[in-house]
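I opened this entry to record what I looked up around the ligand and in the strand pairing. The notes follow in that order.

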Amino acid sequence: MLKLARYLRYFKKEVIIGPFFKLLEAIFELIVPIVMASIIDVGIKNRDTTFVLQRGGIILLLGFMGLVFAIICQYSAARASQGFGTMVRNDLYAHINSLSHGEIDKFGTSTLITILTNDINQMQLAVAMLIRLVVRVPFLIIGAVVMSMILDLKLSLIFLIVAPLVSAVIYLIMRLSVPYYRVRQKMLDKVSTITRENLSGVRVIRAFSKQDHEIKRFNKANNDVADIAINVGKISAFLNPATFAILNIAILTILWFGGGRVYTGSLTQGEVIALTNYMTQISLALVVLSNLVVIFTKAAASANRINMVFETEASIQEIERSLTDIKIDNKEKSMTEQALISIDKVSFAYPGSDEYALEDISIDIRQGEVIGIIGGTGSGKSTLVNLLPRFYDVTKGEIRLNGIPLQEYSIDSIRKLFGIVTQKAVLFSGSISDNLRFSKEDASLEEIKWAIEVAQAKDFVEKLPDGYDTLINQGGRNLSGGQRQRLTIARALVRKPKILILDDSFSALDYATDARLREALSKNCRDTTVLIVSQRANTIKYADQIIVLDDGKVAGIGKHEDLYKSCHVYKEICDSQLS
Ligand SMILES: Nc1ncnc2c1ncn2[C@@H]1O[C@H](COP(=O)(O)OP(=O)(O)OP(=O)(O)O)[C@@H](O)[C@H]1O
């Protein structure tokens, strides 16, 4: 938690002003019982109405000023806590964006969302409470004890018995309840995962009539969180009754012995009332203290999770003085000798996995070549193309670009070379043009139209009532799967990439569109190196080189005709599709 406290340096003014005014309010609160005692001992005893009204006025004034101070403190606490939350959230979000795929996979999207929302909210609350109560509560407790000692030293000994007793109760209850808070946070992650899965997969759930099943799954996760909260509640429920029982016994003791001392004249009635008032103030302050401990315990659990993300470094790092200039001439494949990309004895295992997803892959890819990658599901096709833009680093072997290991280039300079169309067609809310400009901010309308035409999306885009300005709903839900795929291809093309990766990006296209798209690519992107991942033999049949993957290993590399004769895995795929 202390690590995150550094953000409070931006709110020094609030952190000083807030507790200072809360302290003033507490001082006024401590004066009230004394004034009250004088009303009883002087005003009421002597039937002096003017005195009673005067002192009553002082109590009102103290109350009013206390209110003003409390508002100033509240304002400071709100400013500091909201500002703190916003800063941590912005920095954490930026940090998450700097992480590599491996780390994001490890945390999971839902956990990261819960950390960015729930955990930071918890910290915000702790900051607000820190400003409002951390100075006030101990001051009130100590102040009330001191004031009681001044009134009657012997009777105030009761406070010295009560305070440790109440502290012991609070400690016991905290010890029992704190472990539950950590578990609760994990369970909230689960609720968040299920919510995310259910809302994004709502169509699939309905298609399989699984609403009831999913509602039950959600209810179970939700009930688990509720059960934990109830268990904590059952334990915490003892806190107030136990504290108040101790305090009420203490008040009775004060009244009992105080009454005796009033009888002998060593204490006034007003002073007995003041002592009971101080006892009540202490009791309330101790209850607030226990709530503070709960809030800080939860915040500590949240701070750990936030720090865990902050402390995670991207596994993909740049070396010092990395190369930023990658020279790729606009040569066609017939004119190039040297390999643009050399994949050299590469093996790769996902972080945390003992098994290789790819094993001993070697291939040279020349500029302008079209490379087809085919294989059964889970054979490692997507994994292979994800290694090229350094989404992951290879576990063994080396990938070279223009003869230089990928690690020697800056990540940005590598990624600028690529146009990537992922397996899942992801579009963002905004217009079609906005989505295309995601890849090239300053793309002109001509460039957008060119990309849309090459991606075979012109017909449907121009038929839309608003054409290129048509608004896309979140995730592109107002478009068909094939339309979405073509727009994601156009988005990759608009920046005229040197290397184009199409990861199963034709799967939602009909065969005719698939063929037209490949033809348009070969006409318009002659010097672009294209890697096409596909399950369809037809789509990669005319590639310059085809890599056949089988369970993470190369089953064959070559042209269609040769592979068909020499590679039984490829032959099986072709026969099952082309016959
Ligand atoms: N992020 C990940 N973390 C851990 N393992 C992964 C991850 N992504 C893929 N894998 C594993 O790596 C292997 C290869 O997966 P990959 O997605 O590359 O296959 P693929 O050939 O593209 O499959 P498909 O055609 O079904 O998309 C699989 O066993 C998969 O379970």
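**Ligand shell**

I listed the 13 residues around the ligand and found that Y350, T377, K381, S382 and T383 come nearest; a residue is near a molecule or strand if its C-beta atom, placed from the backbone, lies within 6 Å of it. I note that this is a predicted model, in which local features need pLDDT of at least 70, side-chain atom pairs count only at pLDDT 80 or more, and totals for chains, interfaces and linings use all residues. Residues are numbered from 1 along each chain as its sequence is written.

I then sorted the shell by type: two residues are nonpolar, nine polar and two charged. Here Ala, Val, Leu, Ile, Met, Phe, Trp, Tyr, Cys and Pro count as nonpolar, Asp, Glu, Lys and Arg as charged, and the others, Gly among them, as polar. Helix α12 (residues 381-387) gives the most to this shell, with three residues. Helices (H or I, at least four residues) and strands (E, at least two) are DSSP runs, numbered from the N terminus.

**Strand pairing**

I traced an open sheet of four strands in the order β2-β1-β4-β5, with antiparallel pairing. Its edge strands, β2 (358-366) and β5 (404-405), each pair on one side only. Two strands pair if DSSP finds at least two bridges between them. Between β4 (residues 396-401) and β5 I found two bridges, and R400 has P405 as its bridge partner.

I next examined β3 (residues 370-375), which runs parallel to β11 (residues 545-550) and is joined to it by five bridges. G375 stands opposite L549 in β11. Strand β11 also pairs with β12 (residues 553-558), in the antiparallel sense over five bridges. The hairpin of β11 and β12 has two residues between the strands, and D551 in the turn has a positive phi of about 55°.
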